[in-house]
Amino acid sequence: MTSQSNNYSKEEKSADKRLYEIGDTTPTGAKIFGIYTSSVNFILYWGACGGLGWQIDNISPVTNNVISEARRLGTQADSILTSHRMFTVNRMLADIISTSIYTEDFKFSDNLFNEVKDFIEQYRDELKAIVSSGPLYNVYRLKDDLIQWNHCNLPETLRKPVEDFNALQSLASAVLPKSQRKSVSRLLSASLSSAFRCEKIADDLDLFEKPRKFIHSQIESYLKIKIFYISLFTTICMQFSLLCGYLYFNSGLMYFAGASAGIFGVMVSSLQRNNKITIDPYTSSLGLYSEGISRIFVGIIFGLFIIFCANSELALAPFKENIYALICFAFISGFSERFVPDLMSSVAGKANSNS
């Protein structure tokens, strides 16, 4: 007697399918990774990578027709769907097969597999290409140029490469436009396929170094351009609002000039310093956009503050009648982050000494 995990022989398990357990091997050589349902005469089980398998004794003609159609649809779906979709198809097929076995008056009809056919039709165009495949894994490129993968037995050595892949793809998808996804997906899929083909990966080996550098450089360039356009649009809107206010009241040229100069100082400062953006996958890019917009308003406030200080003679009093000098100081207040705060500290210090 050949002893297995539950001490039953292969012959006993073949005679009573309820004796099969996960990890057993069927007479056809298929390994059982999960059991859907079983009885004395049949068993429906999950094979490697979620594939549907069965062993049925004394099969009825109706069930035989059902299995033939299920096998045809399963083969068709396996050639056009991803492994994730195939698992859903296999569960629907398993439901139909088990129902045909358990139901005594079951009748085969053309509508029996309509739900499965609709599901296959719904996702038949989702898969764009199979990038690479092996006995235990598949790497797909979907129609939206995202990469999807499936591994039947992911070893611990591949945990970090998979985490790197998921983080980089999520970051690129969240920030970069769709037009750049194809280039990103090619690099990511190549690195992921290399990781799956490696039997052992050294701890100091970074398979995603090249796609990481590319993605970060593309994100940095994209954010710089977007921040510039957002800041420019905000500047134009604010300048137009200030100009309308000046024309409406027909006065306050000095205040309009100071606020405008402060805005332009901020813009020049942003262009000069916008040479490095920190890429953080856990921080939204909206924060960078809001920071750029808020600096425009800070430039307006600082520019007006210069005019008020000069007119009140709290600071810059010798220049209060020199609009060109005040415009220069207003520009500096927007350009230099420390100019106005230092000026405020100086004014506050004089006030405290005089009190």
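The model is predicted, so local features need pLDDT of at least 70 and side-chain atom pairs count only at pLDDT 80 or more, while totals for chains, interfaces and linings use all residues. Residues are numbered from 1 along each chain as its sequence is written, and side-chain values use heavy atoms, with hydrogens and water left out. The chain has 11 helices and six strands, and a search of the whole structure finds one disulfide.

**Overall form**

- Helices (H or I, at least four residues) and strands (E, at least two) are DSSP runs, numbered from the N terminus.
- The radius of gyration of the chain is 35 Å, well over the 20 Å that the globule rule gives for 355 residues, so the chain is more spread out than a compact globule. The radius of gyration is taken over C-alpha atoms, and the globule rule is 2.2 Å times the number of residues to the power 0.38.
- Taken along the principal axes, the C-alpha atoms fill a box of roughly 105 × 50 × 40 Å.
- Of the 355 residues in the chain, 40% are buried. Buried means under 20% relative accessible area, exposed means over 50%, and partly exposed lies in between (1.4 Å probe, protein chains only).
- Among contacts with a separation of 6 or more, 57% are between residues 24 or more positions apart. Contact means heavy atoms within 4.5 Å.

**Helices α5 and α6**

- The axes of α5 (residues 159-175) and α6 (residues 181-197) come within 10 Å and cross at roughly 175°. Axes are lines fitted to C-alpha atoms, for helices over the stretch in contact, and angles run from 0 to 180 degrees between N-to-C directions.
- The two helices, α5 and α6, are therefore roughly antiparallel to each other. Angles under 35 degrees count as roughly parallel, over 145 as roughly antiparallel, 65 to 115 as roughly perpendicular and the rest as oblique.
- On α5 the contact is made by Pro161, Val162, Phe165, Leu168, Gln169, Ala172 and Ser173, and on α6 by Arg181, Val184, Leu188, Leu192, Ala195 and Phe196.
- These contact residues of α5 and α6 divide into 10 nonpolar, two polar and one charged. Ala, Val, Leu, Ile, Met, Phe, Trp, Tyr, Cys and Pro count as nonpolar, Asp, Glu, Lys and Arg as charged, and the others, Gly among them, as polar.

**Cysteines**

- Cys49 and Cys152 form a disulfide, with their sulfur atoms 1.2 Å apart. A disulfide is a pair of cysteine sulfur atoms within 2.5 Å.
- The link of Cys49 and Cys152 is right-handed, with 95° about the S-S bond.
- The pair joins distant parts of the chain, 103 residues apart: Cys49 is in the loop between β2 (42-46) and β3 (52-56), and Cys152 is in the loop between β6 (147-151) and α5.
- Cys49 is partly exposed at 35% relative accessible area, and Cys152 is partly exposed at 27%.
- Cys198 is in no disulfide, and the nearest cysteine sulfur, that of Cys152, is 18 Å away. Cys198 is partly exposed, with a relative accessible area of 29%.
- Cys328 is also in no disulfide, and the nearest cysteine sulfur, that of Cys309, is 17 Å away. Cys328 is partly exposed, with a relative accessible area of 48%.

**Positive phi**

- Most residues other than glycine have a negative phi.
- Cys49, not a glycine, has a positive phi near 60°.
- Asp145 is not a glycine either, and has a positive phi of about 65°. Asp145 lies in the loop between β5 (137-142) and β6, and is buried at 12% relative accessible area.

- Asn90 sits in helix α3 (residues 83-102) and counts as buried at 8% relative accessibility.
- Leaving aside neighbours within four places in sequence, Asn90 is in contact with Trp46, Gly50, Gly51 and Leu52.
- Lys128 is in strand β4 (residues 127-133) and counts as partly exposed at 45% relative accessibility.
- Not counting residues up to four places away in sequence, Lys128 touches Arg141, Leu142, Lys143, Asp145 and Lys182.
- Lys128 and Val66 are 62 residues apart in sequence and 30 Å apart in space, C-alpha to C-alpha.
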